[in-house]
Amino acid sequence: MTDLPLRTADGRPLKAALAAAQVRAKRHAFLLVAPLLLFVILTFILPIGQMLQRSVYHDGLSANAPSLVAWFAANPVGTAPDEAAFAALAQDFKTMKAAKTAGIAATRVNYTLPETRSLFTATARVADQLAPPYKEAFLALDGKWGRPEVWGAMRQASSAYTIDFYLISMDRERAPDGSIQQVPENTRIYIYLFVKTFLMSGLIALICLALAFPVAHLLAVLPMARANLLMICVLLPFWTSLLVRTTSWIVVLQGQGAVNDLLIWLGVIGEDGRLAMMYNQTGTIIVMTHVLLPFMILPLYSVMKTIPPGYARAARSLGATSWTTFRRVYLPLTLPGIAAGALLVFILAVGYYITPALVGGADGQLISNLINFHMTKSNWSLASALSAMLLVGVLLLYWLYDRLIGIDNLKLG
Amino acid sequence: MKKLLILTTALTTVAFAAQADIIVMSWGGAYGAAQTEAHLKPWAAKTGIGAVMIDSDNPAQPIKAMVEAGNVTLDVANLEYADAIRLCDEGLLEPIDASKLPAGSDGVAAIDDFLPGAITECGVSTDIWANIFAYDSTKITGTVPTTAADFYDLAKFPGKRGLRRGAKGNLEFALMADGVAPGDVYATLGTPEGVDRAFAKLDTIKSDVVWWEAGSQPPQLLADGEVVMTTAYNGRMFNAAVAEGKPFQIVWDGQVYENEMYVVPKGAPNKDQAMEFIFWATSTEGLRAQAQQISYGPARKSSMATELIYKDGTTVMAPHLPTAPENLANGLASSSGFWVDRDGELNERFNAWLVAG
């Protein structure tokens with residue numbers, strides 16, 4: 001007897017019919033998520049991808065100075081610029097003057113070597129008068145054209161794809177011989193700020209946890225009516241504008257603010273001893289903790305709500321002390337909530353911008369404030385290199401978190 | 001906060017743009033109000049074309065994003081001199097045909113009527129403003145600060161200081177406080193040792209500095225008693241002192257002054273009207289009208305031909321302007337060439353210095 005394939009009522013093989021049904025179901029599912037997918041791609045993935053591309057791509061010089069790029073390509077690193085190089089430069093300057101693009105090229109070179117922007121723009125202004133021999137003509141215009149650093153910077157900028165912006169993001173630069181070295185100590189900033197941003201975010205997550213745990217517990221065990229009232233108190237600041245909350249804190253904490261006035265009135269501190277709680281790191285931590293607190297309370301609450309009170313009672317009846325009950329029974333059960341809240345607060349804090357900008361003063365600034373600085377100072381490439389590094393940092397932590405705790409254990413509410 | 005402001009204003013401008021009003025972005029506060037009174041309102045009354053003022057902490061910031069995104073919602077912006085040159089070089093501003101600027105009221109051609117440097121490829125000066133410092137004369141009595149060095153003297157004048165967050169202006173001021181003559185400031189800053197010297201001077205007061213960003217903050221910091229002395233845009237302090245009657249005293253020693261420029265971003269929706277607006281607003285009368293509202297000096301000689309009186313009808317403006325001879329005694333003209341080149345590099349250094357404990 002041969003094995004006949006199972007068939008459906010209409011005679012088709014069951015296997016094929018099942019597969020077809022599955023394909024149909026998948027297509028339906030895809031069509032359902034398609035609008036959201038399209039939306040996310042158009043408004044999120046594409047722009048972010050474009051921004052990230054800028055971190056390795058800047059064609060300011062390469063697109064506007066083709067002859068020079070050709071000369072660099074034909075001559076190896078270290079070749080002293082000859083007459084042909086200056087002739088190529090002169091030709092490019094004439095084109096750039098006509099197209100008014102010298103400023104764009106200058107901007108790119110200036111990123112690598114400060115003080116070259118005006119060299120470019122000043123030369124472009126008189127580009128029409130350049131005549132052979134070009135080397136002499138350029139050197140007569142400005143002696144800087146003979147400097148190897150300038151030619152080194154142009155060579156680096158002559159390739160549209162570059163890792164220069166990542167070097168800057170890691171406080172590194174290229175030495176004149178092409179090797180990579182640390183920048184002088186007084187301009188090192190980014191590594192320090194990355195570390196500081198992560199440490200401060202961790203600290204804020206810890207403080208949030210310490211403050212949120214009792215509140216969430218109370219919310220979970222109180223009778224419904226009172227729990228609701230308390231919940232509104234938790235959510236009220238959540239619904240208030242971020243700017244209003246932040247500026248309220250300025251009023252409360254500043255040197256001449258409410259807290260200081262109260263402490264002086266109570267005689268705790270003197271007029272000269274007013275505490276500096278605003279426009280510094282302390283201010284940033286206090287205000288960010290307050291702003292992010294609901295993101296810790298809500299996941300904790302949602303987990304605690306599902307823990308049957310019987311577990312703790314059972315532990316107590318079996319002879320456990322209240323501390324042991326908490327440590328061995330209650331705390332492990334709330335772990336998914338703790339993990340979710342901590343991750344949420346931490347990741348939000350890492351990218352926080354407005355609060356440190358308003359209350360951070362000098363030492364309360366985070367990496368996001370520097371990213372904003374470069375966005376507004378129109379060095380978008382550096383801003384996106386810094387953002388990319390921040391993104392990688394967060395992804396690494398996320399991966400670590402997954403390995404240690406497991407993403408499956410996450411409970412966001 | 002700035003981002004939010006820009007976003008919300010950009011959204012609201014969409015509605016305005018439909019009526020083809022011109023949108024002007026300036027620095028807000030007393031300065032923005034002065035331009036609204038002197039330029040925007042009379043322009044709307046004269047031409048029937050509405051003009052809307054938008055505030056920013058620094059109008060240079062949104063322009064690149066707007067031009068690159070191809071969504072320019074501004075017609076006119078008011079920029080610092082070095083920014084006007086830098087953005088022009090980067091092709092982000094429309095060139096202005098200076099030959100169309102009206103002659104002075106005395107018939108002198110615009111090019112000769114304007115002070116040197118007041119017209120650039122993409123900008124026309126609206127006024128000359130200065131970075132000065134001021135103190136509260138009810139809080140500091142007896143010996144009062146009179147020099148830039150006094151600002152840095154914590155022993156003689158204890159208390160917090162307010163400084164604008166950024167390298168520009170602060171480095172020059174620090175060097176002058178350290179005894180460098182105004183004429184030598186940029187030569188000194190041009191050397192690495194000179195930059196070190198400026199930062200070393202800033203180090204001496206670093207732990208006592210409150211940093212400000214918006215022009216309206218310094219008078220507020222001074223009024224709240226958060227600082228005993230602060231640098232500021234001179235017009236804001238003048239406004240607080242004369243218009244609001246605050247007991248603030250301006251010290252002109254070590255002032256750094258420069259032109260403020262009207263520019264048109266590339267691709268402005270109402271470019272032609274924007275140009276007309278600038279030609280009109282920077283005429284003899286336009287500049288004069290602004291200088292009657294706030295103590296920034298007009299950039300045309302003809303605007304100063306007859307005595308300038310403040311809008312209160314009694315205050316003579318001349319001694320309050322950065323360009324008054326007695327105020328220029330130890331003053332410095334900001335070098336656009338220096339800042340166009342080194343703005344990025346020195347601000348990096350400044351940021352690093354700021355966050356390093």
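**Entry 1: two helices in chain A**

I looked up where α9(A) meets α15(A): A:T197, A:F198, A:S201, A:G202, A:I204, A:A205, A:C208, A:L209 and A:A212 on α9(A) are in contact with A:I338, A:G341, A:A342, A:V345, A:F346, A:A349 and A:V350 on α15(A). Two residues are in contact if their C-beta atoms, placed from the backbone, lie within 7 Å. I sorted the residues of this contact into 12 nonpolar, four polar and no charged. Here Ala, Val, Leu, Ile, Met, Phe, Trp, Tyr, Cys and Pro count as nonpolar, Asp, Glu, Lys and Arg as charged, and the others, Gly among them, as polar.

I note that this is a predicted model, in which local features need pLDDT of at least 70, side-chain atom pairs count only at pLDDT 80 or more, and totals for chains, interfaces and linings use all residues. Residues are numbered from 1 along each chain as its sequence is written, while chains are lettered from A and ligands numbered from 1 in the order in which they are written.

Helices (H or I, at least four residues) and strands (E, at least two) are DSSP runs, numbered from the N terminus. I found α9 at residues 190-221 and α15 at residues 322-350 of chain A, packed at an angle of about 140° with axes 8 Å apart. The axes are lines fitted to C-alpha atoms, for helices over the stretch in contact, and angles run from 0 to 180 degrees between N-to-C directions. α9(A) and α15(A) are therefore oblique to each other; angles under 35 degrees count as roughly parallel, over 145 as roughly antiparallel, 65 to 115 as roughly perpendicular and the rest as oblique.

**Entry 2: A:G361**

I located A:G361 in the loop between α16 (354-359) and α17 (367-376) of chain A. A:G361 is buried, since 21 other C-beta atoms lie within 10 Å. The cut-offs are 20 or more for buried, 12 or fewer for exposed, and partly exposed in between, counting other C-beta atoms within 10 Å of the residue's own, all placed from the backbone. Beyond its neighbours within four places in sequence, A:G361 touches A:Y279, A:N280, A:G283 and B:W211. I also checked A:M278: its C-alpha atom is 7.6 Å from that of A:G361, though 83 residues separate them along the chain.

**Entry 3: chain B**

I counted 15 helices and nine strands in chain B. Of its 357 residues, 54% are buried. The C-alpha atoms of chain B fill a box of roughly 60 × 45 × 35 Å along the principal axes.

I then looked up B:E345, in helix α15 (residues 336-355) of chain B. B:E345 is partly exposed, because 17 other C-beta atoms lie within 10 Å.
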